[in-house]
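Colleague: Can you walk me through this one? I'd like the helices and how they pack.
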Amino acid sequence: MLPLIAATPALPLDEAGKYVAGAYIVFLALIVIYVAIMAAKLQRIERELRELAGFVESRANGDQAAPAAEKVTSDV
Amino acid sequence: MYGKGLRPLSIATVAALVAALSLVFFYAPLDADQGFIQKIFYLHVPLAIVALVGFVIGGVFAILHLRSGEGRWDAYSYVSIHMSVIFGVAVLITGSIWAKASWGHWWVWDEPTLVSFLIVFLMYATYYPFRYAIEDRERQGRYASVFAIVAGAFVPLNFMAVRMAQSLVHPRVFATTNGGLPGSMMLTFLISLLAIGLLWVTLVKFELTAKSASGQLKRLRRALDAPAPGGSSRVAPEVS
């Protein structure tokens, strides 16, 4: 890391620096927000899949009334 | 199906982004006129190019949807436009920051490049309410495709109109005559463009994979709720 910092040219981090940093941070923030949204979607899909797996299991066992989610949590 | 090749693509995207950022801050020389603030150029311009190309790609997918009637082309078109709108937000914000630093104003209304991009962005912002105002899925896809084709055709026309406006405020750095980008800056720009392009493709694939998984789940749920003879065929890939 130190050689990398040493190789850094004398960046004029005064007036211009904050604008450049701001632009790149905005870009990074948008990507992070998007990834967070995708992670939330993935969690929802996983949860639904778990429910369905539990439902299929309970149906296969002939136990329609069994709470599906509880059966699956032991598998995870 | 949509997730195929996502891992190497993601790795290539991260590598390209790291390479691009390294070149921007450690290799590309400072601009003689604008100085350090010009570094925004390597982010703002590739984002704008990729966003506009993405809108056109969305239109091409829409043509394929109308020609074939296959729902997957509609999904491709929707996701391409969706991702380009997100990139468009980044373009407008980074552009405003650059304008403030260079011109002293967050927005300049007499600059054709800025205003034309805003018009394109706002036009595509209406895509969502337009699309979701239609309840019938088939009609929704068809009408959205017509919108995507018309709007997609507008993008290059808009670009050409701006070029012909010959503004003196917004510099034309890709000129073939004197005053174009020097080699080191051009290389940095091209790597940045590649990185942002790869990021767009990767995020489109991520979105399509998530939508496909969500659609298949819905089908699975429907099939399990109301089983029919030969029910396994009902659990077919779907992108909602």
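Modeller: First, a term. Axes are lines fitted to C-alpha atoms, for helices over the stretch in contact, and angles run from 0 to 180 degrees between N-to-C directions. Two packed helices are described by the angle between their axes and the distance between the axes. This is a predicted model: local features need pLDDT of at least 70, side-chain atom pairs count only at pLDDT 80 or more, and totals for chains, interfaces and linings use all residues. Residues are numbered from 1 along each chain as its sequence is written, and chains are lettered from A and ligands numbered from 1 in the order in which they are written.

Colleague: Fine. How close do the axes of helix H1 and helix H7 of chain B come?
Modeller: Within 8 Å, crossing at roughly 150 degrees. H1(B) is residues 6-27 and H7(B) is residues 183-225. Helices here (H or I, at least four residues) and strands (E, at least two) are DSSP runs, numbered from the N terminus.

Colleague: What do you call that arrangement of H1(B) and H7(B)?
Modeller: The angle makes H1(B) and H7(B) roughly antiparallel to each other. The cut-offs: under 35 degrees is roughly parallel, over 145 roughly antiparallel, 65 to 115 roughly perpendicular, and the rest oblique. H1(B) passes H7(B) in a left-handed crossing. A crossing is left-handed if the near helix is turned anticlockwise from the far one by less than a right angle, and right-handed if clockwise.

Colleague: Which residue classes are in the contact of H1(B) with H7(B)?
Modeller: The contact of H1(B) with H7(B) has 17 nonpolar, 7 polar and 1 charged. Ala, Val, Leu, Ile, Met, Phe, Trp, Tyr, Cys and Pro count as nonpolar, Asp, Glu, Lys and Arg as charged, and the others, Gly among them, as polar.

Colleague: Step back. How many helices and strands does chain B have?
Modeller: Chain B has 7 helices and 0 strands. Of its 240 residues, 35% count as buried. Buried means 20 or more other C-beta atoms within 10 Å of a residue's own; exposed means 12 or fewer, and partly exposed is in between, with C-beta atoms placed from the backbone.

Colleague: And contacts in chain B: what share comes from residues 24 or more positions apart?
Modeller: 76% of the contacts with a separation of 6 or more. Two residues are in contact if their C-beta atoms, placed from the backbone, lie within 7 Å.

Colleague: Now H6(B). What should helix H6 of chain B span?
Modeller: H6(B), residues 137-165, has 29 residues, so at 1.5 Å a residue it should span 42 Å. Its end C-alpha atoms are 41 Å apart, which agrees. The expected span is 1.5 Å times one less than the number of residues.

Colleague: Which residues of H6(B) are buried?
Modeller: Among them are Gly141(B), Ala144(B), Phe147(B) and Val155(B). What covers the buried residues of H6(B) includes H2 (41-68), H3 (71-103), H4 (112-125) and H5 (127-132) of chain B.

Colleague: Take H2(B) on H6(B). At what angle do the axes cross?
Modeller: At roughly 140 degrees, with the axes coming within 8 Å. H2(B) and H6(B) are therefore oblique to each other. Their crossing is left-handed. The contact residues divide into 13 nonpolar, 6 polar and 1 charged.

Colleague: And H3(B) with H6(B): what angle there?
Modeller: Roughly 50 degrees, and the axes come within 10 Å. H3(B) and H6(B) are therefore oblique to each other. H3(B) passes H6(B) in a left-handed crossing. Residues of H3(B) in the contact include Gly71(B), Asp74(B) and Tyr78(B).

Colleague: What about Ala99(B), buried or exposed?
Modeller: Ala99(B) has 21 C-beta neighbours inside 10 Å, so it counts as buried. Ala99(B) sits in helix H3 of chain B. Leaving aside neighbours within four places in sequence, Ala99(B) is in contact with His105(B), Trp106(B), Trp107(B) and Val108(B). Just after H3(B), Gly104(B) takes a positive phi of about 85 degrees.

Colleague: Last topic, chain A. How many of its residues are in contact with chain B?
Modeller: 24 residues of chain A are in contact with 26 residues of chain B. Helix H2 of chain A (residues 15-60) gives the largest share of chain A's side, 20 residues. By class, that side has 19 nonpolar, 3 polar and 2 charged residues. Chain A has 3 helices and 0 strands. Buried residues make up 8% of its 76 residues.
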